[in-house]
Amino acid sequence: TGHLEVTPQNEPTLQAVQEQSLVRHERKKDLLAEVHQLNPQQRRAVLLRYFEKMPVREIGEVLDCSEGQVKSLLFRGLEVLRQRLPRQDRWNQEFEA
């Protein structure tokens with residue numbers, strides 16, 4: 001129950017799957033380019049948190065700053081990314097997938 005049965009009528013085509021994969025790859029590439037434009041502290045915090053999945057406390061240890069400072073770096077970095085990236089490329093959508 002609640003599962004979609006794959007039938008010949010609704011099965012995704014290989015081309016559609018490849019196109020979706022290419023779009024995701026391009027979005028991730030664009031996202032990384034924008035992340036690398038952040039100031040060094042914001043960039044390191046964002047990369048550690050969202051690419052390395054590191055907890056805020058550990059990021060603070062790596063960056064030699066408080067958890068509050070890490071949260072501030074993340075918040076400001078994300079704000080910059082939100083302003084720079086088109087809506088469909090917003091990074092939180094990319095990382096939720």
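**View 1. Arg 43 is partly exposed, at a relative accessible area of 22%.** The accessibility classes are buried (under 20% relative accessible area), exposed (over 50%) and partly exposed (in between), with a 1.4 Å probe and protein chains only. The model is predicted: local features need pLDDT of at least 70, side-chain atom pairs count only at pLDDT 80 or more, and totals for chains, interfaces and linings use all residues. Residue numbers start from 1 along each chain as its sequence is written, and side-chain values use heavy atoms, with hydrogens and water left out. Arg 43 sits in helix 2 (residues 40-51). Helices are DSSP runs of H or I with at least four residues, strands are runs of E with at least two, and both are numbered from the N terminus. Leaving aside residues up to four places away in sequence, Arg 43 touches Val 35, His 36 and Leu 38. Contact here means heavy atoms within 4.5 Å. A polar atom of the Arg 43 side chain lies 3.2 Å from the backbone oxygen of His 36. Leu 78 is 35 residues from Arg 43 along the chain, and their C-alpha atoms are 9.9 Å apart.

**View 2. Gln 42 is a buried residue of helix 2.** Its relative accessibility is 10%. Residues up to four places away in sequence not counted, Gln 42 touches Leu 73, Arg 76 and Gly 77.

**View 3. Helix 2 packs against helix 4 at an angle of about 95°.** The two axes are 9 Å apart. Axes are lines fitted to C-alpha atoms, for helices over the stretch in contact, and angles run from 0 to 180 degrees between N-to-C directions. Helix 2 and helix 4 are therefore roughly perpendicular to each other. Angle classes are roughly parallel (under 35 degrees), roughly antiparallel (over 145), roughly perpendicular (65 to 115) and oblique (the rest). From helix 2 come Gln 41, Gln 42, Ala 45, Val 46, Arg 49 and Tyr 50. They meet Leu 73, Leu 74, Arg 76, Gly 77 and Leu 78 of helix 4. By class, the contact of helix 2 with helix 4 holds six nonpolar, three polar and two charged residues. Ala, Val, Leu, Ile, Met, Phe, Trp, Tyr, Cys and Pro count as nonpolar, Asp, Glu, Lys and Arg as charged, and the others, Gly among them, as polar.

**View 4. Helix 3 (residues 56-63) crosses helix 4 (residues 67-84) at roughly 100°.** Their axes come within 8 Å. That angle makes helix 3 roughly perpendicular to helix 4. Helix 3 contributes Val 56, Arg 57, Ile 59, Gly 60 and Leu 63 to the contact. Helix 4 contributes Glu 67, Val 70, Lys 71, Leu 73 and Leu 74. The contact of helix 3 with helix 4 divides into six nonpolar, one polar and three charged residues.

**View 5. The largest nonpolar core has 17 residues.** A nonpolar core is a set of buried Ala, Val, Leu, Ile, Met, Phe, Trp, Tyr and Cys residues joined through side-chain atoms within 4.5 Å. Val 35, Ala 45, Ile 59, Leu 63, Val 70, Leu 74 and Leu 81 touch the most other members. Helix 1 (14-35), helix 2, helix 3 and helix 4 each give two or more residues to this core. Helix 4 gives the most, with five. Ile 59 touches Ala 45, Leu 48, Arg 49, Met 54 and Val 70, not counting residues up to four places away in sequence.

**View 6. The protein chain has five helices and zero strands.** Of its 97 residues, 24% are buried.

Technical notes:
A polar contact is a pair of N or O atoms within 3.5 Å; within protein, one must be able to donate a hydrogen and the other to accept it, and residues adjacent in sequence count only if both atoms are side-chain atoms.
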